[in-house]
Amino acid sequence: MNRGHQPDGRAVPLAEVARRLGVSVTDDVRRAARRLPLRFPRSYVDQLQRAGALDLLARIGWPDPEETVPDPGGLDDPVGEAGRAPHPLVRRKYPDRAILLAASRCHFYCRFCFRAGVDIEPSPAELARAVGTIARLARDGVREVILSGGDPLTLDDHRLGALLADLGRVEGIATVRIHTRAPVHQPERVSESLVETLTGSARRPPWVVIHVSHPAELHPAFDEAVARLRGHGIPLLSQSVLLAGVNDAPERLAALFGGLYERGVKPYYLHHPDRVPGTARFHVAIERGRGIVRALRALLPGPAMPSYVVDLPDGSGKVPVDWLEPDGTGHWRVGLPGGKVLRYEERPATGRSAEPPP
Ligand code: SF4
């Protein structure tokens, strides 16, 4: 791996972020930054400040002391990727899809993330070898490549275009999906040049899945980024994680998913939080999550409802949370297609809830 270029755009110095949030840069903060870097794009910080939502920034972007101590409720491999990596940059958990970790960097580092960033980039040669692995998997049934990371849009247009072109030449790959938070955290990255790269480099435009956590993230610059992508015919979906103290209230999720739907972004997944070490403060109990989603149904049109899913820690992949049944011990069991039955253990919920919106 080689050190890559800095993601586009300016970041706010840590001391200034601390001052705006009214917190201090303690030793705990510095230690937590070794687990997952700290980066605060100026446009995102300014947008949240204008919206009066700096508490959101503190919640999802500023480290908590729990990140620096052992976490018995966390799992080192929370979504079961060990043993499902035919190449260091490739994950295959489903017969027809493969994930390609195209970048390690992010425009902003979300403290709840299970892919603890290493802040280095795969080299072009490493990506080329990963595409070779994808070509082998395509002969074995893989039809879709999901670009993840890190955030794939931290790659510059030249490298991203070359990667899309290489994937477009792999026989059997029908679709490419790009997962990104750039429209939220670094909307200026969604430039005309980027959308021309996305539409001009492959046989078909890729799908873009925007990760978004809170209605305050649907800011004017987000709108511009989404309109630019839509204007070039790029199909858009969204993904969110259900997060205690951020969005675990039906009205707040309704504002988020309704707002996305109005902008032409189809809400796709609401993820139950993964058991990432050091993130217990974000956990929501399964039963409570189900109640929130039931209430949400009354607040949204059908197409604006995402699927509420949990990514199983054994690597079996995502299943609807509705498939989980109490197992009589305070945990859950889930029957998979094919007859396999798994136990799902939930961690105790310690996080505070989101306040109802004003
Ligand atoms: S942008 Fe995505 S990969 Fe990066 S820290 Fe946030 S959730 Fe994780």
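R20 is located in helix α1 (residues 14–21), where helices (H or I, at least four residues) and strands (E, at least two) are DSSP runs numbered from the N terminus. The model is a predicted one, in which local features need pLDDT of at least 70 and side-chain atom pairs count only at pLDDT 80 or more, while totals for chains, interfaces and linings use all residues. Residue numbers start from 1 along each chain as its sequence is written.

With 17 other C-beta atoms within 10 Å, R20 is classed as partly exposed; the classes are buried for 20 or more such atoms, exposed for 12 or fewer, and partly exposed in between, with C-beta atoms placed from the backbone. Leaving aside residues up to four places away in sequence, R20 touches V45, Q49 and L54, contact being defined as C-beta atoms, placed from the backbone, within 7 Å. The C-alpha atoms of R20 and A58 are separated by 9.8 Å, although these residues lie 38 residues apart along the chain.

Strand β3 (residues 144–148) is mostly covered, as 4 of its 5 residues are buried. Strand β2 (residues 97–101) runs parallel to β3 and is joined to it by 5 bridges; two strands are taken to pair if DSSP finds at least two bridges between them. Within this pairing, I99 has I146 of β3 as its bridge partner. Strand β4 (residues 175–180) also pairs with β3 in the parallel sense, over 4 bridges, and R177 in β4 is the bridge partner of I146. From β3 the chain crosses through helix α6 (residues 157–168) to β4 in a right-handed β-α-β crossover, that is, with the strands pointing away from the viewer, the path from the first strand over the helix to the second runs clockwise.

The loop between β3 and α6 contains G150. A cis peptide bond, with omega of about 15°, joins G149 and G150.

Helix α6 packs with helix α8 (residues 192–200) at an angle of about 15°, the axes being 9 Å apart; axes are lines fitted to C-alpha atoms, for helices over the stretch in contact, and angles run from 0 to 180 degrees between N-to-C directions. This makes α6 roughly parallel to α8, a term applied to angles under 35 degrees. The crossing of α6 past α8 is right-handed, meaning that the near helix is turned clockwise from the far one by less than a right angle. In this packing, D157, L160 and G161 of α6 meet S193, L194 and T197 of α8.

How values were computed: Parallel < 35°, antiparallel > 145°, perpendicular 65-115°, else oblique. Contact = placed C-beta atoms within 7 Å.
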